[in-house]
Amino acid sequence: MATFAFLGESEENTNRVFGLGRKEKVFALGDCVRALIGRQNLEEHKAALKGVRYAFCTWGMPNFTMEQIKKYFPSLECVFYAAGSVQVFARNFLSCGVRVFSAWAANAVPVAEAVFAQIVLANKGFFHTLSVPSYAQKTETALAFKGNFGTTVGLIGAGMIGSLVAEKLGNLAVNVVVFDPFLSDECASMLGVKKVDLHTLFESSDVISNHLANNDQTAGMLDYGCFSRMKRHAVFINSGRGRQVREADLIRALGEEQGRLAILDVTDPEPPIEGSPLYTMKNVILTPHIDGSWGNEVVRMADDALAAYECVISGQPCKSEVFASMLATMA
């Protein structure tokens, strides 16, 4: 009887994330159901699933009902998710007493790296010069920027990704301000950041980066009242989620001050609808959701899932475990 299984609806995602020999590492742990288990083949593999104690999964993880979990996974103890947000599926497993682990910290690394790079370049005026035709105009445009000494960077949200960005910014001589109602004064001091309200952040920052958790409470939080307060040459970076931005308000604020610029790795919908001004505005840069794990970076998440399994079987605490109380505030 199998002890391990891969759960998911996408063979492509599973093979990609558990690539470079990681799927074979799972197979080497013990008897494993060789088929990818989704909602459509539960009954077909019912007998094999009865003994499964540990499940590995990634993007495309189904939202199994509590009834399905109890019926088809009666022995399941842990789910190791080699990706970030577990909001879609975690609650039912947790309610059934199954422990859930997420590679959200591993997935945060490339996002923080990408955002840090964008902040450094934004403060140099790099992105503003891209749409300027002549060399002389590029030079003149860049002269409006102060570089990475004494400028102010605003981080919206100081969760895993926001905190990683703040730590990286600690190597620069920039001032970091943060809006996060859940950030304690002690943690803010450890990160070397100053807590401010949202409007103050937009008014004072040269570069603003969004790292809000994706939930109903944050939907539409970034509106005209925020974007209209941006400085003349301020840059707004969104690698969080598109639905936190009121797109029409952002477009309006960018149109009112052409020196403002937005770098959008996420939108709502994604990609933007056909005919959206975001495609043609010179002060908007669209990237196709590449700030997260990309290329070989995705395998880091499989390594994190395997490391979590090792913690479980050795009885060690694991930082990647997700508890029900965390779901209200995490991405």
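In the predicted model, the loop between β10 (261-264) and β11 (284-286) contains Pro269. The peptide bond that leads from Asp268 into Pro269 is cis, with omega near 0°. Pro271 is placed in the loop between β10 and β11 as well, and the bond from Glu270 to Pro271 is likewise cis, with omega near 0°.

β10 and β11 belong to an open sheet of seven strands, ordered β7-β6-β5-β8-β9-β10-β11, in which the pairing is parallel. β7 (194-195) and β11 are the edge strands of this sheet, and each pairs on one side only. The parallel strands β9 and β10 are joined by four bridges; Val235 has Leu261 in β10 as its bridge partner. Helix α13 packs on the sheet, where it touches β9, β10 and β11, and its direction makes about 145° with that of β10. The buried residues of α13 (residues 247-256) are Asp249, Leu250, Ile251, Ala253 and Leu254. These buried residues pack against α12 (224-227), β9 (235-238), β10 and β11. Elsewhere on the seven-stranded sheet, helix α9 (residues 160-169) lies across β5 (149-156) and β6 (173-179) and runs at about 170° to β5.

A further open sheet has five strands in the order β1-β2-β3-β4-β12, and its pairing is mixed. β1 (4-7) and β12 (321-322) stand at its edges with a single partner strand each, so one side of each has no neighbour in the sheet. The pairing of β1 with strand β2 (residues 54-57) is in the parallel sense and extends over four bridges, with Ala55 in β2 as the bridge partner of Ala5. α14 packs on this sheet and touches β1, β2, β3 (78-81) and β4 (99-102); the direction of α14 makes about 165° with that of β2. Helix α2 lies across β1 and β2, running at about 145° to β1.

β2 is covered on both faces. In a regular strand, side chains alternate between the two faces of the sheet. In β2, Tyr54 and Phe56 lie on one side and Ala55 and Cys57 on the other, and all of them are buried. β2 also runs parallel to β3, to which four bridges join it; Tyr54 stands opposite Cys78 in β3. The chain passes from β2 to β3 through helix α4 (residues 66-72), and this β-α-β crossover is right-handed.

The largest nonpolar core has 55 residues, of which Leu7, Phe56, Phe80 and Phe93 touch the most other members. At least two residues of this core are supplied by each of β1, α2, β2, α4, β3, α5 (90-95), β4 and α14. The largest share, nine residues, comes from α14. When neighbours within four places in sequence are left aside, Leu7 is in contact with Leu36, Ile37, Ala55, Phe56, Cys57, Thr58, Met61, Pro62, Phe64, Phe73 and Phe93.

The buried residues in α6 include Ala106, Asn107, Ala108, Pro110, Val111, Ala112, Ala114, Val115, Gln118, Ile119, Ala122 and Asn123. An α-helix has 3.6 residues a turn, so residues three or four places apart point the same way. Among the buried residues of α6 are Val111, Val115, Gln118 and Ala122. Gly125 follows α6 and has a positive phi, near 80°.

Positive phi values also occur in residues other than glycine. Leu20, with phi near 50°, is one of them. Leu20 is found in the loop between α1 (11-17) and α2 (22-29). Its relative accessibility is 60%, above the 50% cut-off, and Leu20 therefore counts as exposed. His289 also has a positive phi, near 55°, and is placed in the loop between β11 and α14 (299-314). Because its relative accessibility is 31%, His289 counts as partly exposed.

Note on methods:
Residues are numbered from 1 along each chain as its sequence is written. This is a predicted model: local features need pLDDT of at least 70, side-chain atom pairs count only at pLDDT 80 or more; totals for chains, interfaces and linings use all residues. Side-chain values use heavy atoms; hydrogens and water are left out. Buried means under 20% relative accessible area, exposed over 50%, partly exposed in between (1.4 Å probe, protein chains only). Two strands pair if DSSP finds at least two bridges between them. Contact means heavy atoms within 4.5 Å. Axes are lines fitted to C-alpha atoms, for helices over the stretch in contact, and angles run from 0 to 180 degrees between N-to-C directions. A crossover is right-handed if, with the strands pointing away from the viewer, the path from the first strand over the helix to the second runs clockwise. A nonpolar core is a set of buried Ala, Val, Leu, Ile, Met, Phe, Trp, Tyr and Cys residues joined through side-chain atoms within 4.5 Å.
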